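Hi,

Here is the structure I said I would pass on.

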Amino acid sequence: MTAFATGGDIVVGVDGSEASAAALRWAAEQARAVHAEVVAVHAWEPTGPHIAPYAPVSSRPTAEAERDEAARLLADTVRSALGPRTGPGVRAELVEGPAARVLLDRARGARLLALGRTLHGPGDEGAIGAVGRECLRHATVPVVEVPATGRARRVAGTAV
């Protein structure tokens, strides 16, 4: 996809975690309040170059299979966070590339960028990951970190 966020959009990084689902729910509430659109973005990269050359061919997924799995993760996360009827105010984008770069590109010109933050225990403020740190360092829009609502988990069918 080549669509980028517009000035009123709220861009959300989606990775299948409960934290990203919480960020998506938060963004949807904010978007309703300010009459904005939510752009749920999932970045993916083919793993082919990262697989050992001596690994069996059967263990090497095709880029098409990986893209399909990434699309499924995005759709499952949006459905899990917002329900089966997301409405016209939510757009899901699957983009190939490094997560931080993709999110920063997609958020350029948006109202804000929302990211999930995983909490590890009671009283824990949670640690922001490498993608979140990169977004905080280089974003040209405000970045909101939304804590996960429960223990860290992934949407059914995705790896931890």
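First, a word on naming: helices (H or I, at least four residues) and strands (E, at least two) are DSSP runs, numbered from the N terminus. This is a predicted model, so local features need pLDDT of at least 70 and side-chain atom pairs count only at pLDDT 80 or more, while totals for chains, interfaces and linings use all residues. Residues are numbered from 1 along each chain as its sequence is written, and side-chain values use heavy atoms, with hydrogens and water left out.

On confidence: pLDDT is the predictor's confidence in each residue, from 0 to 100. The protein chain averages 84, and 77% of the residues score at least 70. Over residues 151-160 the pLDDT is below 50, and that stretch has 18 contacts in the model beyond near neighbours in sequence (contact means heavy atoms within 4.5 Å).

Now the salt bridges (a side-chain nitrogen of Lys or Arg within 4 Å of a carboxyl oxygen of Asp or Glu). The structure holds 11 of them. In helix H3, arginine 101 and aspartate 105 pair up at 4.0 Å, N to O; being 4 residues apart there, they are separated by about one helical turn. For burial I use relative accessible area: buried is under 20%, exposed over 50%, partly exposed in between (1.4 Å probe, protein chains only). Arginine 101 is partly exposed at 45%, and aspartate 105 is partly exposed at 24%.

Arginine 91, in strand S3, is the one I'd look at next. Its side chain meets aspartate 9 at 3.9 Å, N to O, in a salt bridge. Aspartate 9 sits in the segment before S1, so the pair ties together parts that are 82 residues apart in sequence. Arginine 91 also has a salt bridge to glutamate 93, at 3.1 Å, N to O. Asp9, Glu37, Arg91, Glu93 and Arg106 are linked in a salt-bridge network.

Helix H2 (residues 63-82) has 20 residues and reaches 28 Å from first C-alpha to last, close to the 28 Å expected at 1.5 Å a residue (the expected span is 1.5 Å times one less than the number of residues). Its buried residues are Glu66, Ala70, Leu73, Leu74, Thr77, Val78 and Ala81. Seen down the axis of H2, they fall within an arc of 125°, so they line one face of the helix; the arc is that of the directions from the helix axis to the C-beta atoms. They pack against H1 (18-34), S2 (38-44) and S3 (90-96).

Last, the nonpolar cores, meaning sets of buried Ala, Val, Leu, Ile, Met, Phe, Trp, Tyr and Cys residues joined through side-chain atoms within 4.5 Å. The largest has 22 residues, with Ile10, Val12, Leu24 and Val38 making the most contacts inside it. S1, H1, S2, H2, S3 and S4 each supply at least two residues of this core, and the largest share, 6 residues, comes from H1. Apart from it lies another core, of 14 residues, among them Val95, Val102, Leu103 and Ala110.

Cheers
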